[in-house]
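New notebook page. I'm jotting down what I looked up, one topic at a time.

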Amino acid sequence: MENLEMADVGLNDRCLLPSCSSTSSGSLKTFKIQAFKQLLECAVERGDDETLDKLQTIFNSHGEQATVVLHKTCYCSYTSKEHVKKFVLKRKAESVSSD
Ligand SMILES: [Zn+2]
């Protein structure tokens, strides 16, 4: 298992993910570039423009030093292959029915 986390973050930092809710447990962590790229990939797969935009803005100014602040639970559910698959299928179903 790679070490994706750095030290705990400050109190003013917020979780980046829109799917984050007040029920998300655990402390916020700063995730490094490996995790950052994983998130970026998942944002593309999910068609999550909002998150993609935020990530790209961070990447544009920090490059390979880019980090992102998230709950570990949020990171895990956002990048879970099962969750991404379900999300994409749901989105397809919705776009078909709204046509
Ligand atoms: Zn969160």
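Before counting anything, I noted what a contact is: two residues are in contact if their C-beta atoms, placed from the backbone, lie within 7 Å. With that, I checked the contacts in the chain with a separation of 6 or more, and 77% of them come from residues 24 or more positions apart.

Ground rules next. This is a predicted model, where local features need pLDDT of at least 70, side-chain atom pairs count only at pLDDT 80 or more, and totals for chains, interfaces and linings use all residues. Residues are numbered from 1 along each chain as its sequence is written.

I looked up confidence, given as pLDDT (the predictor's confidence in each residue, from 0 to 100). The chain averages 85, and 81% of the residues score at least 70. Strand β1 (residues 5–8) has the lowest mean, 59, while helix α2 (residues 49–62) has the highest, 96.

Then the layout. Helices (H or I, at least four residues) and strands (E, at least two) are DSSP runs, numbered from the N terminus. I found four helices and three strands, in the order β-β-α-α-β-α-α.

Next, burial: a residue is buried if 20 or more other C-beta atoms lie within 10 Å of its own, exposed if 12 or fewer, and partly exposed in between. Of the chain's 99 residues, 20% count as buried.

Last, Leu39. I listed its contacts, leaving out residues up to four places away in sequence, and got Leu55, Val68, Tyr78 and Thr79.
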